[in-house]
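Me: Please examine the model shown below, and answer some questions on its helices and strands.

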Amino acid sequence: MNADLTLPARIYTWVDVETRMLWLLGRGAWPEWLKECDAYWDSVELTVADATSTSDIVMWFTENFGPNSMSDSENELGLILEAGPRSLETRILPISLVYGDSHEVRREPRWRERRVVADMARPMSPPEVHLDTSINVIALHSYKGGVGRTLHGIALALSVAESQKVLLVDGDLEAPGISWLYANEGKRTDFAYEDFLALLHGSAESYPDDAVRIASSYLPNQTLGNIVVMPARRDLHRITPPRIEPVDLLTPTRSPYFLTESLVSLAQAVGARTVVIDLRAGMSELSASLLLDPRIQRVFVTTVSSQSIEGTVDTIKVLGQRAPGGSDDPSPQLVLTQYRSQGHEELLTSAVARLRNALGDAATSKKPEDFQEENYEVASAGDLSPILSEFQEPLLGLPAAWSSVVDRVREAGLPRLFSELASDLRFAAAEATSSKIFPTSLTSKRQALAEFASKLAFAENAEVQHLLPTKSLRSLLESHRTESPICVVSGAKGAGKTFTQLQMTFRRTWKAYAEAVHVEGVAFDSGLVPVLVSSSLGKDAEKMVDLIRHESSAEIGEFAPTRLELKELISEGVDQGLSDKQWRLRWLCCLAKSIGLNAHDDTVESVLRDFSKSGQTRIFLIDGLEDILQEIAVNEEQQKALRVLLTDCLDWLRSMPGRPLGLIVFVRRDLIQSAVRQNSAQLLALYRDYDLVWDPDEATRLALWVASGANALNELNEQQIVDAQGPELVQYLHDVWGEKMGTTNSRQARSRGWFLAALSDFNRQIQARDIVTFVAEAARDSISDVRYVDRLLVPSAMRSALPVCSLQKIQAIGEETPRIGKTLTALKNLPAYKKQLPFAQEDVQLSKDDVELLSANGILFREDDVFWIPEIFRHGLGFKATGRPRVLAIADLVRKRNNLS
């Protein structure tokens, strides 16, 4: 396969096959023997040159659709379609061959033919069945685009999600909005509305079972808070019209409301009690099949402009004539947006009156004679009070990502507008509470905190079984609720890679680890197998890891090689100068051997396939690569080894049907950049949700969690810590280090701000080990202090803890990046009189390259013609600040200069 062509992530139906073939054709990847491809829901017909062999066809599909994409059958060619995680069912799309040249096809400047539903003016027959009353379906529609429909749809979903799980569907297949926000959040889309429509289209006439089963296998991985997101499509840069539209589902043997009923079944399958659908604007067939279902709660969004009001009134009239609701069906809801309370009074009054009259007319419109009038009463206009959403300037220019838009929506108070509507929906919720018993002596609390934090500071300690459910850990689990993770978890030295791998290993299974991280709805379960681990593990941790490895391999029948033997396999490969393919086989061989499979480089692929076909699964964990690849910065063979592991090996595992085998590679960011020189940024971006990075909230939450884990805080449990945000989190931390770095009434800096500025570099990066070491040292020095009885960590102890953290930080970054370490050593060896802050470049004999290197890594900051060093490095280097150290002032200046919030 051409290196520029990536393998497809999912192949669910013939639609994906056709899309992939067009994609390959557009990139000149079709072979000369392939003349034409016609994909249908039940087969693919290929027109090929007369001399084409079956092996050529199989080889080409294997290279361009994935190494596990072709059927094993000797009698029939076929593509293997996705059947869902761990599914033993094989879904095959047969391939038939026509030999000879293809017929000429006249090309036209059009996307494709559109199917139209006729006779729209005739009233539709009422639904024959009632929807499940435990599921609510809400569809937002607007006659015109740009009226705030999507924004208010998000606000509605947020309001409902406060009390129940919501399935949020981007039904705008031509101009998706929610989909872009979700994608810009960095979230992976494994399943989309287009996929659901395509699966329904190819399903048995009246049964959406397969579509619901496959969708519900992947949608839990697309959860934001209490909202399960189903974007419009997986590839948002493909701007062609949708291949399958809702109207294509309408067949004589299906219910006219097949899509609605399938969405209800899907909501049940993913545990959602409400479906919120953002429909296409206007009188579009993309919206018709849902909007014309009277059982759906319709929400009409409009501005007060004349055109928008007229169009909305006409829409309501048409629905009243063609799809009148029954007495048990929900009443429509109106949302008026983008008006000003001063200046638009008359427009607003007129708009409300016109819309209410339209609803009243729809309620009394003439029904077909065979309809029973009492069953089709619409709520009177007097029962329908419009939701008024006044114009707000901040909502004009919205940010790109979901979380930023949600913050803007919450600040504008939009979810509150739907609180009454949300409260009317049927739901049931339960909460569990837990409590802990804490020591009462302040001295014993500080002692316990010092001891607990000291254990946490080193991941090789096997005694620590606690872990903080960080955003990255939760994101990793939330994205893999129903399938095995195949990903890279990166981070700097001390970010917590080894600790995280050990915590996964100690839990033994994926589901048990999910329970420890408090991520619900994880259906996929598999054993966790440590393949390679850090060489810095203590004896207790090594024993536990080896025990788990042997138990796992014993289930297969053979004991796994020792960790040293596996490391030697990799070292031998470096010496042998393996090719990319040989490296992929070598890595796969390490995985297979780690669970006791009798595999060699030339047999490992078939061994792993046979293992997975037996219905077994495993998730492999790899850490400690820096111990094996110590010369990766200059050794091309080591670079190749890691590059193949992070790309080709992961791709091979992804190509296995159902993804029975998972792999999580814990690796330092600098190793990735050394190994994947051309596309390291792209690879890092692919897995950025799982990066072990600590933003300000996560960093301070870690300090709070350490104090709680030591039983040093009263009446505060782990769930409260995880849920705490903003002011609530800051308030909790007052018990840890007080409000200020002095008494509450002093003019000292606020403790949280000082902590973040003191332990962060000038890129605002902070490492977990620095935080835990800081807490351990500060707690130890606070034990006998009697001046501050309102906190665990006293100000003087917090300040004295910094030098210890600083020396550790310098050592760590020197090991991670030797060039930086060499430069820092030169600074540390300067005469004392030269080590003053701020300093000029020439005073410390730094070259231009040195300045650029240290600045890029957050160790230097230039203010006018002088330079500053962050506190986390200043103490260890022995630099003195003139007067009182300007910790917060410089940190704030850096933040503003770099536009970091």
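Reply: In this predicted model, a residue is called buried when its relative accessible area is under 20%.

Me: Which residues of helix 30 are buried?
Reply: Helix 30 covers residues 768–782. With the cut-off of under 20% relative accessible area, 11 of its 15 residues count as buried. These are A768, D770, I771, V772, T773, F774, V775, A776, A778, A779 and S782.

Me: Which helices do the buried residues of helix 30 pack against?
Reply: Helix 30 is mostly covered. Its buried residues pack against helix 14 (442–456), helix 26 (696–709), helix 29 (751–759) and helix 31 (795–816).

Me: What distance does helix 30 reach from its first C-alpha to its last?
Reply: Helix 30 has 15 residues, and at 1.5 Å a residue the expected value is 21 Å. The modelled helix is close to this expectation, with a reach of 21 Å.

Me: Why is strand 2 described as largely enclosed by the rest of the structure?
Reply: Strand 2 spans residues 44–48. It is largely enclosed because the buried residues number 4 of the 5.

Me: In which sense does strand 2 pair with strand 1, parallel or antiparallel?
Reply: A hairpin through 4 residues joins strand 1 to strand 2. Within this pair, V44 of strand 2 is the bridge partner of A39. The two strands pair over 5 bridges, and the sense is antiparallel.

Me: Which residue of strand 4 is the bridge partner of V48?
Reply: Strand 2 and strand 4 (residues 91–99) run parallel and are joined by 5 bridges. In strand 4, the partner of V48 is Y99.

Technical notes: Residues numbered from 1 in each chain as written. Predicted model: local features only at pLDDT ≥ 70, side-chain atom pairs only at ≥ 80, totals over all residues. Heavy atoms only, no water. Expected span 1.5 Å × (residues − 1). Buried < 20%, exposed > 50% of the residue type's maximum accessible area, 1.4 Å probe, protein only. Contact = heavy atoms within 4.5 Å. Pairing = 2+ DSSP bridges.
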